[in-house]
Amino acid sequence: MSAVRKDYVRPIDFKTGRVDMSHGAGGRAMAQLVDELFLAAFDNEWLRQLNDQACFAVPTGRMVMATDSHVVSPLFFPGGDIGCLSVHGTINDVAMSGARPLYLSATFILEEGFPLADLRRIVDSMAAASQAARVPVVTGDTKVVEKGKGDGVFITTTGVGIVPQGVEISGDRARPGDQVLVSGTLGDHGVAIMSFRENLEFETTIRSDTAALHDLVARIVEAVPGIRCLRDPTRGGLAATLNELARASQVGFRIRERQVPVRSEVNAACELLGLDPLNVANEGKLVAICAPEDAQRLLEVMHAHPLGRDAALIGEAVDDSHRFVQMETGFGGSRIVDWLSGEQLPRIC
Amino acid sequence: MCLAVPVLVVKRLDGEEAIIDAGGVRKQVSLALVPEAREGDYVIVHVGYAISRLDPDEALKTLALFAGMEAAA
Amino acid sequence: MKYVDEFRDGDLARVLAERIARAVEPGRPYRFMEFCGGHTHAISRYGVTDLLPASVEMVHGPGCPVCVLPIGRIDNAIALALEHGAILCTYADTMRVPASERSSLTKAKAAGADIRMVYSAADALRIARENPAREVVFFAIGFETTTPPTAIAILEADRAGLANFSVFCNHVLTPAAIANILESPQVRDIGTVPLDGFVGPAHVSCVIGSQPYEFFAEEYGKPVVIAGFEPLDVMQAVLMLVAQVNDGRHEVENEFARAVTREGNGKAKALVAEVFELRRSFEWRGLGEVPYSALRIKTKYERFDAEKRFGIVYRAVADNKACECGAILRGAKRPKDCKVFGTVCTPENPLGSCMVSSEGACAAYYTYGRFRDREAA
């Protein structure tokens with residue numbers, strides 16, 4: 001007589017198992033993966049309903065939606081992984097409008113052969129990030145592609161939020177005279193990633209700064225409701241962000257290198273690789289532009305928050321028909337801070 | 001082709017390799033071109049190889065030169 | 001960082017700026033050429049121009065080995081990967097250099113070529129060891145600073161009996177570059193490019209020493225001051241050059257005494273001499289054929305010579321007609337004198353060598369300094 005329960009299903013082997021094509025086929029294997037991995041990790045009332053969509057009431061106000069794909073390599077790096085990065089990234093994109101992020105969706109494109117142990121680690125990290133931020137992942141999707149057609153895992157997250165009445169934050173609102181602030185040290189994330197890249201190995205204690213900024217944004221908006229622009233300097237770094245804002249607002253910027261906060265180790269790593277910290281990605285920092293009379297208050301509010309301890313006032317917007325971002329170097333001369341040309345590659349020359 | 005950085009030799013390894021420290025960042029490089037470099041020396045590194053030892057006395061002299069504290073060379 | 005930060009000190013910069021301003025003779029222009037890509041970059045990146053008097057002009061010479069790499073050689077490199085199926089290992093700097101038919105290493109990679117960016121020649125050796133069934137070619141470029149590491153890689157491959165490793169050698173020589181400029185009609189005969197002196201390269205000099213420049217100072221009557229890599233070094237070198245010009249001297253002085261000796265690095269020079277020999281002539285992008293200006297692998301190590309292993313044939317390809325790189329590399333024109341600068345030719349879409357690497361005169365000016373034109377306009 002068999003001692004096995006009638007409805008016994010062998011649990012997924014997360015220790016040594018790998019993703020295979022059946023996990024994306026829509027059948028039992030996929031349902032089991034969704035149940036034992038995604039539902040178990042994210043666990044909330046919407047996911048428990050097992051629908052293909054999530055239904056929720058929306059408070060009144062203007063809705064904001066943002067989406068981000070994550071293809072970072074390596075998947076695991078000092079300070080984070082692709083999972084928490086994808087949660088923080090979309091929360092931040094929503095938050096930069098001044099909106100309070102409400103819900104997230106997450107889609108996974110998995111490569112055949114990807115270790116389930118790694119997948120679980122990533123999903124658990126996402127769940128932890130989502131719970132800490134109090135923004136649930138309410139719906140999602142999974143697909144599997146053949147071996148060789150995907151870099152392990154690609155994740156796309158989409159988020160929605162509501163902008164409070166009276167808050168108008170947008171990249172085109174900067175005016176000459178407005179002050180430019182950053183919430184902390186620049187270049188940490190990019191350097192942490194590079195330190196793990198093949199052929200560039202170097203040892204450093206630099207960790208990615210990946211973090212959800214919506215709480216900091218809420219404090220900022222509360223203290224300075226008239227804040228003009230908020231943006232997180234991700235790919236392309238501060239240089240890209242300031243150039244984007246210059247173009248959108250039709251102004252120029254003048255910043256002072258001495259005021260830009262960069263950890264000495266990040267500077268050192270950039271020296272070694274021939275990179276400019278201003279071009280290096282950040283995942284837990286924001287650039288804020290406000291009217292001159294609000295700058296002091298804004299700085300105080302940021303300093304009082306754990307994610308804004310190293311905030312600094314770095315410059316101002318100016319009238320400039322060429323939309324140049326100009327920097328007074330620590331040395332005393334001036335130069336432009338330009339867009340990055342092409343992919344950021346370590347320099348030998 | 002000139003990007004080269006002065007770094008501190010922290011630990012000599014087997015062969016002609018060494019661990020260097022540049023402002024807190026550590027990397028392994030080759031001392032094949034400057035085999036006489038010792039732990040505690042500063043060397044200039046280019047594409048993974050030390051190319052020259054840095055002379056601390058000359059460095060101080062040069063800094064003094066900038067400040068006009070010595071007659072120009 | 002020690003030995004870095006002190007040499008970028010803003011207060012010392014002001015002191016030096018004042019001393020240079022006092023040293024220049026009123027009404028007399030000074031034109032100094034630097035041909036170390038690192039110097040071009042340092043001057044732009046720190047805004048050194050703002051701290052020099054208007055009568056001192058820094059001219060950027062052909063100091064960027066990526067910039068002087070001819071189109072035909074990039075085509076050869078692409079062919080090694082795309083047609084011969086080799087793993088091509090290259091320094092990152094070459095990835096965007098424009099080749100024929102609007103191609104580049106980056107574009108070839110997108111088309112399926114196995115092109116891998118490495119930080120060091122040792123990485124290419126490692127890739128060869130890890131892929132014994134594939135041919136691995138190291139795309140070697142650079143002046144004398146970068147050549148010894150390539151020599152080491154070839155000797156190591158020889159010792160280890162690596163059968164699948166070879167080097168596509170494009171190493172070039174600094175003194176040949178200087179001679180080419182000084183011999184060019186514009187400088188020698190017509191005198192349309194008055195050059196009052198040279199800022200000698202920092203790290204090339206670590207290897208070759210200060211001695212090779214003595215010939216130029218003597219023969220052409222121009223002072224040479226070898227300068228360190230940092231902006232204060234460059235300013236001090238300018239001060240020393242101004243002094244020499246005022247005194248009518250033409251000597252070789254060494255500002256980078258903390259790393260450069262007269263003899264240079266004997267071990268490095270010996271390793272290079274063991275593996276390489278002079279090519280009779282080599283084409284430099286923008287300058288044409290330059291005699292005795294480049295190296296090739298000796299017959300003794302020819303099995304590591306990718307040109308021989310794969311039967312590479314070099315075909316010269318002309319530069320874009322609008323490109324003024326030749327004149328710019330010689331100091332005869334400035335980036336803004338070129339009709340296509342900043343419009344058709346930008347760092348995103350470089351037409352010619354000077355825009356390709358971040359140290360090319362045009363790229364450095366575009367990326368860091370083009371606001372100066374607009375302000376004057």
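Trainee: What makes β8(A) and strand β10 of chain A partners, and how do they run?

Mentor: Three bridges join β8(A) to β10 (residues 287–290), and the two run antiparallel; since pairing asks for at least two DSSP bridges between two strands, they pair. Strands here are DSSP runs of E with at least two residues, and helices are runs of H or I with at least four, numbered from the N terminus. One of the bridge partners is Ile289(A) in β10(A), which faces Cys229(A). This is a predicted model, in which local features need pLDDT of at least 70, side-chain atom pairs count only at pLDDT 80 or more, and totals for chains, interfaces and linings use all residues. Residues are numbered from 1 along each chain as its sequence is written, while chains are lettered from A and ligands numbered from 1 in the order in which they are written.

Trainee: Why do β8 and β13 of chain A stand at the edges of the sheet?

Mentor: The open sheet has seven strands in the order β8-β10-β7-β11-β9-β12-β13 (chain A), with mixed pairing. β8 (229–231) and β13 (334–336) each have a single partner strand, so one side of each is left without a neighbour in the sheet.

Trainee: Why is Tyr3(C) called buried, and what does Asp43(A) count as?

Mentor: A residue is buried if 20 or more other C-beta atoms, placed from the backbone, lie within 10 Å of its own, exposed if 12 or fewer, and partly exposed in between. Tyr3(C) has 20 such atoms and is therefore buried, whereas Asp43(A), with 13, counts as partly exposed. Tyr3(C) has a positive phi of about 65 degrees although it is not a glycine, and Asp43(A), also not a glycine, has a positive phi of about 25 degrees.
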